[in-house]
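Here is a quick walk through a model, written for someone who likes to check things against the coordinates. Grab your viewer and follow along.

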Amino acid sequence: MGTFQIEGGKQLKGEITPQGAKNEALQVLCTVLLTSEKVTINNIPDIIDVNKLITLLGNLGVKIQKNGQGSYTFQADDVNINYLETEAFKKEGGSLRGSIMIVGPLLARFGKGYIPKPGGDKIGRRRLDTHFEGFINLGAKFRYNREDHFYGVENTGRLKGAYMLLDEASVTGTANIVMAAVLAEGLTTIYNAACEPYLQQLCGMLNSMGAKISGVGSNKLIIEGVEELGGCEHRILPDMIEIGSWIGLAAMTRSEITIKNVSWNNLGQIPNVFRKLGITLEKRGDDIFIPAHTDGYQIKTDIDGSILTVSDAPWPGFTPDLLSIVLVVATQAQGEVLIHQKMFESRLFFVDKLIDMGAKIILCDPHRAIVIGHNFQSQLKATTMSSPDIRAGISLLIAALSAKGTSTIQNIEQIDRGYERIGERLTALGASIVRV
């Protein structure tokens, strides 16, 4: 396992450009399976999870051509559908949660899709019911091998359009069902659909391939099935989670940082939530400028004086992927905040590492934590820790960069799963990070 050694307490300065969005990439890469024509995707992040999915597509027989940094052309004109039943696929597919999204396209085009129980972050139970209930609504037959934890859906002929009310506004579930429904016969209505920018991007891409999807951006999608899709060229949005991470980094290290080309229109509540923490953000064109917070930052209260609560919610609510960042940023704020992580029951369990560093945090239960900020009166202390998941990992890295002394973070492959060349990019801002 790799390790970062971080010398903290350094003030950073400069510009950083966010990578392409990981969560969008994992969706749009799977669309290449829906057509035999060439599909070019640009701004693909060079990170472990995305590279694993590209490798999986190649093993399925998809032709892959790298055009340059972050740009690939794919052609799925000779897919080896039998690869799904091999031991190699069971091992490969099980190591990546994003692999679940190949099922919808394969089912729609080839009549069957299988997947082992997907891996990914250990942040609590992440149910797959929404995906498979959607496929069943479209006429597929579901099967599950409990012994091998192997899921499958099969269908003879074309899927049939249907009305469905999703039991939860699952982003990956909605994406998977949409990719299956675009080739189904007739009309599909998906109510309580997720409407994140990445889902909007997916729908826009599919429409450019010849799909007929309306209601994009709302929680009600209407899809008129077509017989086939063509090729297209698509560009992935900048990663909003990385943008939020760099806002938190700038505040915690009291650094002057400009985040370039952030696609402001797709950031939703993110700027507003950080402003509630007292952080100054300036919109400069499509960039975010964060001045050095030499006098700290003060958490706002609710209008009646109650303690601020920051919680996650389906889009356009605040993304759960940034609650870990908000929590660590609050440790040096002036004031208190209640962090309420509704979606995952294990995502707050990294706070013990922050407490070891001197943070004042009360873990109320698996979903809630109260943070009492130090207002930079007491610097966090360096320590040795391990990264349990992607978002906790980057939060611990931010804490280490603000801390006094040299910290060690183990299991940094978790961070590499979601952040491209992170050591190199932060070193360019003046951070002291050594990969061991």
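Predicted model: local features only at pLDDT ≥ 70, side-chain atom pairs only at ≥ 80, totals over all residues.

Let's begin with an open sheet of 4 strands, ordered β2-β14-β16-β15, with mixed pairing. The edges belong to β2 (13-16) and β15 (282-284); each has a single partner strand, so one side of each is left without a neighbour in the sheet. On average, and ignoring direction, neighbouring strands here are turned by 20° against each other.

Zoom in on β14 (residues 256-259) and β16 (residues 287-290): they run antiparallel and are joined by 3 bridges. In general, strands of a sheet pair through backbone hydrogen bonds, either parallel or antiparallel.

Is Thr258 buried or exposed? Thr258 has a relative accessible area of 14%, and since buried means under 20%, it counts as buried. Which residues is Thr258 in contact with, leaving aside its neighbours within four places in sequence? They are Gly14, Glu15 and Ile16, plus Asp287, Ile288 and Phe289.

Helix α8 (residues 240-252) lies across β2, β14 and β16, and its direction is at about 170° to that of β14.

**The sheet around β3**

Another open sheet also has 4 strands and mixed pairing, in the order β4-β5-β3-β13. Its edge strands are β4 (63-68) and β13 (232-235), each of which pairs on one side only. Neighbouring strands in this sheet are turned by 20° against each other on average, direction ignored.

Between β4 and strand β5 (residues 71-75) there are 5 bridges, in the antiparallel sense.

**Salt bridges**

How many salt bridges does the structure hold? The count is 17. As background, side chains of opposite charge can pair when their charged atoms come close. Here are some of the pairs, with their N to O distances.

| Pair | N to O distance |
|---|---|
| Glu256 and Lys13 | 3.9 Å |
| Glu85 and Lys112 | 3.4 Å |
| Arg421 and Glu420 | 3.7 Å |

Take Glu256 and Lys13, which form a salt bridge. Glu256 lies in strand β14 and Lys13 in strand β2, so the pair ties together parts that are 243 residues apart in sequence. Glu256 is partly exposed, at 31% relative accessibility, while Lys13 is exposed, at 56%.

Next come Glu85 and Lys112, whose side chains meet in a salt bridge. Glu85 lies in the loop between β5 and α3 (87-93), and Lys112 in strand β6 (residues 112-116), so this pair ties together parts 27 residues apart in sequence. Glu85 counts as partly exposed, with 46% relative accessibility.

Then there is the salt bridge of Arg421 with Glu420. Arg421 is partly exposed at a relative accessible area of 40%, whereas Glu420 is buried at 9%. Elsewhere, salt bridges that share partners join Lys22, Asp49 and Arg417 into one network.

Asn43 is not a glycine, yet has a positive phi of about 65°; its place is in the loop between β3 (38-42) and α2 (48-59). Asn261, again not a glycine, has a positive phi of about 50°. Asn261 is found in the loop between β14 and α9 (270-276) and is partly exposed, with a relative accessible area of 45%.

Check omega too: a cis peptide bond joins Trp315 and Pro316, with omega at about 15°. Pro316 lies in the loop between β17 (308-311) and α10 (323-330).

**A nonpolar patch**

Finally, switch to the surface view. Which residues make the nonpolar surface patch of about 340 Å²? They are Tyr163, Leu165 and Tyr191. Leu165 has its place in strand β9 (residues 163-165) and counts as exposed at 56% relative accessibility.

Methods:
Residues numbered from 1 in each chain as written. Heavy atoms only, no water. Pairing = 2+ DSSP bridges. Helix = DSSP H or I, 4+ residues; strand = E, 2+ residues; numbered from the N terminus. Axes fitted to C-alpha atoms, helices over the stretch in contact; angles between N-to-C directions. Contact = heavy atoms within 4.5 Å. Patch = residues over 30% accessible without salt bridge, like charges linked within 9 Å, V, L, I, M, F, W, Y side chains within 5 Å. Areas by Shrake-Rupley, 256 points an atom, 1.4 Å probe, with all protein chains shown as cover. Salt bridge = Lys/Arg side-chain N within 4 Å of Asp/Glu carboxyl O. Buried < 20%, exposed > 50% of the residue type's maximum accessible area, 1.4 Å probe, protein only.
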